[in-house]
Amino acid sequence: MSGDGREGGRRDDEVRGARRIPGPRGAVDDLDLETVERPVLPPPGGSAPDEAVPEQGVPGEDGPEEDAGPGDAVPEMGAAADAAEDVVHEPDEPDRPEEREGPDQPDEPGPVPEAPHAVTADASAAAPVLSHRVLKALLGAWALSACSAEETAAVEDHLTVCAPCADEALRLRDAVGLLHTDGSLDLDPTLRTRVLDGCLGRRPARVPIPEWATAYDAETARLDALLRDIGDSDWHAPVRLQWFEDERAVTRRTTVAGVIGHLMAVDGLVSAALGLADPLAGTGTLGGSEASGGGGVPLSPTRRTETYWAATYPPATRAVREPWRALTHELIRTVSLAGPNVAERSVSYGEFSLPLQDALLDRAFECWVHGTDIAEAVDYPYRPPSAAHLHRMIDLAARMLPAALAGRRGAGLAGPARELVAPGEPGRSVHLEVEGHGGGDWYIALDSPAAVGSPDRAVAQVALDGVEFCQLVAGHISPVEAAAGQEGDREAIRDVLFASASLSRL
């Protein structure tokens, strides 16, 4: 610095009045401030702007710089020049708020030719110069695509030079992607099975559930998950039960709690076959009688349900869930500990009986059907069972059809037998082709329940979707509307479809 308060041919008051250019920028010696008009500054005493020193003009207009008198403020500004030089030579820190040019500062009349980052008027209009703090605050709006075109351009320009903001922008953009998912928020119905398979693969169960009881275990768990999600008021939501009886559809109105009471009443038939206590005995519902038939306890599912509903006053609420769920757990635990021979134990339904393995499959089918009824009443998503479990349910219905046909024929509701054969011999058959989820091919013997269905003796073919066939068996759709395709003996097809619907009950 020279003794007259100048450095590199510049006056100290010029340094004090010069605008601070945002970094990165060139060295101070590269700037030609001689061509820049010096601003009018107030004196240190804080006087009015009109008392500012007017003599400080551009060299060559008011005289040479050497004529500056001792009263000028040049000598006292040497320290300010040193400070300005220190600021200029600091390491480049782009986007510091204090180094940004504000939009309200006046443009300089003269160009700054050597400045490496001078912004033209057109460029600044497209991408306004904003402070680092403002740009960081705009990252959230930028991630949501809520910025204007100018703000978007400014933010994206800033992200190319600021690594912390670029990282934050990536995190915000990923978070926005989670807010716009197109998939359903409902859990995959196979999630429970996959989690259990993973757990049991690491540590096999000490006492595994029999394969023929897994469908009942899965469907009771799915229904229980639905019941846990609904509110207290939903337990009183009206539910319309529907089945097929006397060649016509029959409906009955109840509540969500009433449906669970119905399931528990019928599960009592299975618990009685296993030697367990009837869940309805001792509660006053059935007068303390046992489900084995003693004491006038009604055995048929319909009569047990009607008795339970008549004796339940006030109407059942969500309190019915706990005893029903405890009963399902007890049944699964008992069949798992009983050994393989228990699968053939007979379960009486009053008018007919089923082996225990088929009875639990029947109970799994009814849990799914009534779970769907409840889900429709409370507007809850509910999917069909897994393909393996649905296939077993369809197979059970197909195995029950020959006996149902014989019963309808005895009541005069089906066509007469045309070709009687010895038990175990192939007889006239209908090819039942179930398509889609859980589908397959079954051959239904027409003339005798002891006959064997055979593709060589097929006289007709009927095609249905897997879920629609189950709805037909449940009495939820009409036999006339069920078949997707028919070919062959029309009377045989009609007998099979109406026999399928007759398997339904309350």
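A crossing of two helices is left-handed if the near helix is turned anticlockwise from the far one by less than a right angle, and right-handed if clockwise. In this predicted model, local features need pLDDT of at least 70 and side-chain atom pairs count only at pLDDT 80 or more, while totals for chains, interfaces and linings use all residues. Residues are numbered from 1 along each chain as its sequence is written, and side-chain values use heavy atoms, without hydrogens and water. Helices are DSSP runs (H or I, at least four residues), numbered from the N terminus.

**Packing of H9 and H14**

- H9 (residues 214–229) packs with H14 (residues 387–410) at an angle of about 115°, their axes lying 10 Å apart.
- H9 is therefore roughly perpendicular to H14 (a term for angles of 65 to 115 degrees).
- The crossing of H9 past H14 is left-handed.
- On the H9 side, Thr214, Ala215, Ala218 and Glu219 meet His389, Arg392 and Met393 of H14 (contact means heavy atoms within 4.5 Å).
- The residues of this contact comprise 3 nonpolar, 2 polar and 2 charged.

- Serine 145, a residue other than glycine, has a positive phi near 60°.
- Serine 145 sits in the loop between helix H5 (139–143) and helix H6 (149–159).
- Serine 145 counts as exposed because its relative accessibility is 64% (exposed means over 50% relative accessible area, with a 1.4 Å probe and protein chains only).
- Aspartate 379 is not a glycine, yet its phi is positive, at about 60°.
- The loop between helix H13 (356–378) and H14 holds aspartate 379.
- With 71% relative accessibility, aspartate 379 counts as exposed.

Methods
Axes are lines fitted to C-alpha atoms, for helices over the stretch in contact, and angles run from 0 to 180 degrees between N-to-C directions. Helices (H or I, at least four residues) and strands (E, at least two) are DSSP runs, numbered from the N terminus. Angles under 35 degrees count as roughly parallel, over 145 as roughly antiparallel, 65 to 115 as roughly perpendicular and the rest as oblique. Ala, Val, Leu, Ile, Met, Phe, Trp, Tyr, Cys and Pro count as nonpolar, Asp, Glu, Lys and Arg as charged, and the others, Gly among them, as polar. Buried means under 20% relative accessible area, exposed over 50%, partly exposed in between (1.4 Å probe, protein chains only).
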